[in-house]
Amino acid sequence: MRVAIVVLAAGVLLAGCEEKLTTPGQCPALCPGGESQVFDEVIEPITGADSSFRGYIQPYQSHALLVSNGLLGFEERGVIRFSRRPDSVGVRDTLRAYTVDSVVLGLSVVARDTSLNGVQVELYRLPPLIDSTTTYTALDPAFVPSNLVATIGLPDTVNFGPIRTLLQGADLATVAIPPADSGVLALGVRVVSPTPTGLRLGSIAAGTGATFTTYATLDVPDTGTAKLRTLGLSPQFNSSLAAVPQADDSTVLAVGGAPSARALLRFALPPRIRDSATIVRATLELTPVTTITGLPSDPVRLEARTVLADLGAKSPLGSALGRVPADTIPAGTSGLISMEAVRLVQLWQGTPSRPSALMLSLAPELESASFSSPVFYSSRAADPALRPRLHISYLLEFPFEKP
Amino acid sequence: MRRAFTLLLLAVTPGVALAQASQFGVRGLGFPGRPFTARGLASGGAFGLFDPESSLNPAALGGATALTSVFTISSASMHQENPAGTSSTRNIRFPLLMVVGPVRGSKTALGLSYSSYTSRDFSVARAYTIDLRGVPVGVTDSLSSRGGLSDLRLAGSVGFKNGWQVGGGFHVITGSNRLEARRSFSDVNLLPSHQLAEVSYAGVGVSVGLIRQLGSGFAVAALARSDGHLNVDRDSTPVGKTDLPYTFGLGLRWHPLANLDVAGQTIVRTWSGANSDLLQQGGTGASNTLEVSGGLEYTPDPKRPYRRPIRLGGHYAQLPFPLIAGEQGHEYGISGGSGMRFAQQRGGIDLTLEHTWRSEGAYSEHGFTVTVGISVRP
């Protein structure tokens, strides 16, 4: 028995011992295989194979309406068409007419220039037949004082959130809906401020669209009582209209704008990197053609997504978690923009069929919804220093077989 | 006495909790194993060429009197010093597994063993600064290896009436190193790298040995072995060949008293045959090695030789794979141990405590190794 205990004790103590093998290294003596060397390589896109494509997100599909009074050198206005307001309300199986007591029009501020005070939002009555084909020019005559519905002062302390105006009494005439309009109210939105600025307002796509709430009284003769009703309506259509249409230059890479643009960059990754290198850093470097404009204090978020199959403008994009490099670019940026893209470039390794290409775009919630629309030099730039490039740091396969 | 032995065992085993991986196993094929049982190690390996339970000399199988299986556990703790600093390491090995037994009705014995040929368990870490994109960046590198080469031996021996014992063995030398290189950077924009590979080896060898009993108190043993070459594959892709050494051994055993055995042996391995291959593969080469050991076994009760004998020994060995090309490391060791049989001698346990010093230039290490051998004779 005692022997068994001894054997057991020795076995447990020996076998249960935790190993600790680490020795301080000293090369070359204790470095079989030598030292791993980090290589640096700068890769430019395939010349002429980088392009911009526009039309991914239309202004009426965007997550915010853009309203400005010359922030980018021209005016942008928002247009909203609410869903139909019925002219009667059912009470006890009977449709009954109602009397409008008051109306509340609400907007949601997504972003503003927080350093600018005295900003006002003007609401104009528009013809009810606005849709995606409506142009700025077509609606411009409607933005006249006689069509002004209300002016909402934007409190200087409000950086974002809802704003609203209450209409009652004689002011209700400005939002009265004649039978010819079939119960549809359409509004135009302008911004007024001491210096040019812009507002990003909530939209249908983001679930933060404008609100049109009618407070009404129903006369119910049978009971001799008055019934109060609230008719809340949301927009059926909204969009932003710019005084100057978006212009494109095929020799540069445009991102953002309205409709939104994306830029496709194709790279020829050398086989030694593609096949077996361990990439430890990859930096996408872009040079803006001009200073990036936009709303102060509302930076734009630039993203790069890997191309799963190269079908040009309609290439499907990857969006795996952690594999979408992004950078936040404030308005006024003019120097080199660097995005850490190692996780994206790693996706190009190991799968021969996967193209070494990426698509630059604004973050999905900012496409057609940001005043910033960066434009970068492409591979066609005469000065090589201005061209986009991928700066890759990598290790080659460690020579484990060296004894 | 039994209580004292138990206390001795328990007193030394806490040292096991601090036990080794040798920095001298980083280069070449690793740190060479010593194919001895705990019993053989206790006397410095001096009885290795005569020990039927060690897998060194096939002729020694003839000493097995019953079917025996042996299992050995070894735990080492080392304190290492080199120009980069100091560290304490510990590791566990299972250096020997053996089954040996006589063929009934003949003077023949057969044995199958699995022993450590070389061990390549290590982890080397270092921190330094490199220039990356024009900026100094802190780097921490580590290179780890697990594995080594094992020697699978099938051997047999035949005894002759005039005191000769002759044996032969066929060896399969196989194994792999699972290697891992990691690098991390102080700059968070740089991802840590992690590379893995498996380097595997395969080769065969043959050995012949003999033991000659000269009278009742003196015996001599000799060994010759050729291991051919190793085929080296990295992740199943052939990357090279490495010649393995010839091994020559000579041992003497003297039985001057009824309760005392004294032995000594010398083993030479021609590792320089691997020198050109290892240099060609980017290594630091290899040198021939000489191993000399001497030891004794004192049996308090000659009628019961397995009842807590006292074994003492020492050895000196050169190391085949230098850390720095052109140099050669060496080790000294002193050892002691005992053992006992129980369950009508069907079970046995042997314990060895060994202290070892190794050095090569500015690189050195020393520490204790505890080896426990468990034998079963069904």
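**Figure 1. Overall fold of chain A in the predicted model.** Among contacts in chain A between residues at least 6 apart in sequence, 81% join residues at least 24 apart. The structure shown is a predicted model. Chain A contains four helices and 24 strands. Its radius of gyration is 31 Å, whereas a compact globule of 403 residues would have one near 22 Å. Along the principal axes, the C-alpha atoms of chain A fill a box of roughly 105 × 80 × 40 Å. Of the 403 residues in chain A, 39% are buried.

**Figure 2. Overall fold of chain B.** Chain B comprises three helices and 18 strands. The box filled by the C-alpha atoms of chain B, taken along the principal axes, is roughly 80 × 45 × 35 Å. Buried residues account for 51% of the 378 residues in chain B.

**Figure 3. Confidence of the prediction.** The model as a whole scores ipTM 0.84 and pTM 0.83. In chain B the average pLDDT is 91, and 94% of the residues score at least 70. Where pLDDT is low, the predicted coordinates should not be read in detail.

**Figure 4. The side of chain B that touches chain A.** In this view, 61 residues of chain B are in contact with 38 residues of chain A. The elements of chain B that each supply at least two residues to this side are helix 1 (2–12), strand 2 (68–82), strand 3 (85–102), strand 5 (122–132), strand 7 (164–185), strand 8 (193–214), strand 10 (229–234) and strand 18 (363–376). Strand 5 of chain B gives the largest share, seven residues. Classified by residue type, the side of chain B that touches chain A has 34 nonpolar, 18 polar and nine charged residues.

**Figure 5. Strand pairing between the two chains.** Strand 1 (residues 22–24) of chain A and strand 5 of chain B run parallel and are joined by three bridges. Within strand 5 of chain B, B:Ala125 stands opposite A:Pro24. Strands of a sheet pair through backbone hydrogen bonds, either parallel or antiparallel.

**Figure 6. The four-stranded open sheet of chain A.** Four strands of chain A, in the order 2-24-18-21, form an open sheet with antiparallel pairing. Strand 2 (38–43) and strand 21 (337–340) of chain A each have a single partner strand and stand at the edges, so one side of each is left without a neighbour in the sheet. From one strand to the next, the twist averages 20 degrees. Strand 2 of chain A is joined to strand 24 (residues 389–395) of chain A by six bridges, and the two run antiparallel. A:Val42 faces A:His391 in strand 24 of chain A across this pairing, the two residues standing opposite each other.

**Figure 7. The five-stranded open sheet of chain A.** The order of the five strands in this open sheet of chain A is 3-17-22-19-20, and the pairing is antiparallel. At the edges stand strand 3 (51–54) and strand 20 (326–329) of chain A; each has a single partner strand, so one side of each is left without a neighbour in the sheet. Neighbouring strands of this sheet are turned against each other by 25 degrees on average, direction ignored. Five bridges link strand 19 (residues 300–306) of chain A with strand 22 (residues 357–362) of chain A in the antiparallel sense. A:Arg305 has A:Met359, in strand 22 of chain A, as its bridge partner.

Figure 8. Strand 2 of chain B and strand 3 of chain B pair in the antiparallel sense through 14 bridges, and they form a hairpin with two residues between them. In this pairing B:Gln80 stands opposite B:Ser87 in strand 3 of chain B. Strand 3 of chain B also pairs with strand 4 (residues 108–119) of chain B, in the antiparallel sense and over seven bridges. Here B:Pro102 stands opposite B:Ala109 in strand 4 of chain B. Five residues lie between strand 3 of chain B and strand 4 of chain B in their hairpin, and B:Gly105 in the turn has a positive phi of about 80 degrees.

Terms used
Residues are numbered from 1 along each chain as its sequence is written. Chains are lettered from A and ligands numbered from 1 in the order in which they are written. This is a predicted model: local features need pLDDT of at least 70, side-chain atom pairs count only at pLDDT 80 or more; totals for chains, interfaces and linings use all residues. The radius of gyration is taken over C-alpha atoms; the globule rule is 2.2 Å times the number of residues to the power 0.38. A residue is buried if 20 or more other C-beta atoms lie within 10 Å of its own, exposed if 12 or fewer, and partly exposed in between; C-beta atoms are placed from the backbone. Two residues are in contact if their C-beta atoms, placed from the backbone, lie within 7 Å. Ala, Val, Leu, Ile, Met, Phe, Trp, Tyr, Cys and Pro count as nonpolar, Asp, Glu, Lys and Arg as charged, and the others, Gly among them, as polar. Two strands pair if DSSP finds at least two bridges between them. Axes are lines fitted to C-alpha atoms, for helices over the stretch in contact, and angles run from 0 to 180 degrees between N-to-C directions. pLDDT is the predictor's confidence in each residue, from 0 to 100.
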